[in-house]
Amino acid sequence: MFHQIRQRTLGWMTHSAPDTLYDRQLVWLAFGLMVTGLVMVTSASFPISSRLTDQPFHFMFRHAIFLVLALGTSAVVLQIPIAKWFKYSTYLLAISIFLLIVVLVVGKSVNGASRWIPLGLFNLQPAEVAKLSLFIFMSGYLVRKQDEVRQSFFGGFIKPIMVFTTFASYCWDSLT
């Protein structure tokens, strides 16, 4: 009995199921990276957390809360069909541009650069939202216009590269 359970578990972890929307090995690698990151945050912040908050695991708990929020968000995002992401990719890109402008006006300045929008409990970094929406937009564009991209260099390839260059230059400026 134990041998059968062990074989099924090993098979489930090592072989992708053909009818799933995600790759199991990739999920296990992501979980492994999350656990490794949690251990690293705990070991690196233990003395600082003890000194600043009198609670040695303060930063570990905080990091664990953000991991749980990230897992919850990813569970919600997985429920949205790819067609919807592609359909609204232009709107997501427009929202990202708006947030990049907002950060210039009301952004929180850290070391002389305005990179964060304070939202109470946490700060939002619009450059990260812009990167995600850019990838969604680019993948949707390449799916919609794949014939044009393959046939015409200037018409099909340069248009999305101009959008990419605009975002990349802003993100590069925010890092320097």
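# Exercises on a predicted model

Leu92 has a relative accessible area of 24% and is therefore partly exposed, the class between buried (under 20%) and exposed (over 50%), judged with a 1.4 Å probe and protein chains only. The structure is a predicted model, in which local features need pLDDT of at least 70 and side-chain atom pairs count only at pLDDT 80 or more, while totals for chains, interfaces and linings use all residues. Residues are numbered from 1 along each chain as its sequence is written, and side-chain values use heavy atoms, with hydrogens and water left out.

## Exercise 1: the surroundings of Leu92

Task: find where Leu92 lies and which residues it touches, not counting residues up to four places away in sequence.

Solution. Begin with the element: Leu92 belongs to helix 5, residues 89-106, where helices (H or I, at least four residues) and strands (E, at least two) are DSSP runs numbered from the N terminus. Next, list the contacts (heavy atoms within 4.5 Å): beyond the residues up to four places away, Leu92 touches Trp85, Ser133 and Ile136.

## Exercise 2: the salt bridge

Task: state how many salt bridges a search of the whole structure finds, and identify the side chains that meet.

Solution. The criterion is a side-chain nitrogen of Lys or Arg within 4 Å of a carboxyl oxygen of Asp or Glu. With it, the search of the whole structure gives 1 salt bridge, and the side chains of Lys131 and Glu128 meet in a salt bridge at 3.1 Å, N to O. Both residues sit in helix 6 (residues 126-144), 3 residues apart, or about one turn of the helix. As for accessibility, Lys131 is partly exposed at 32%, and Glu128 is partly exposed at 41%.

## Exercise 3: helix 2 against helix 3

Task: describe how helix 2 and helix 3 come together, and sort the residues of their contact into nonpolar, polar and charged.

Solution. Start with the axes, which are lines fitted to C-alpha atoms, for helices over the stretch in contact, with angles running from 0 to 180 degrees between N-to-C directions. The axes of helix 2 (residues 24-53) and helix 3 (residues 58-78) come within 6 Å and cross at roughly 150°. The contact includes Phe31, Met34 and Leu38 from helix 2, and Phe59, His63 and Leu67 from helix 3. Sorting the residues of this contact gives 10 nonpolar, 7 polar and no charged; here Ala, Val, Leu, Ile, Met, Phe, Trp, Tyr, Cys and Pro count as nonpolar, Asp, Glu, Lys and Arg as charged, and the others, Gly among them, as polar.

## Exercise 4: the loop residue Asp54

Task: locate Asp54, and decide whether it is buried or exposed.

Solution. Asp54 is in the loop between helix 2 and helix 3. Its phi is positive, about 60°, although Asp54 is not a glycine. Because its relative accessible area is 70%, Asp54 counts as exposed.

## Exercise 5: the chain as a whole

Task: give the number of helices and strands in the chain, and the share of its residues that are buried.

Solution. The chain contains 8 helices and 3 strands, and their order along the sequence is α-α-α-α-α-β-β-β-α-α-α. Of the 176 residues in the chain, 19% are buried.
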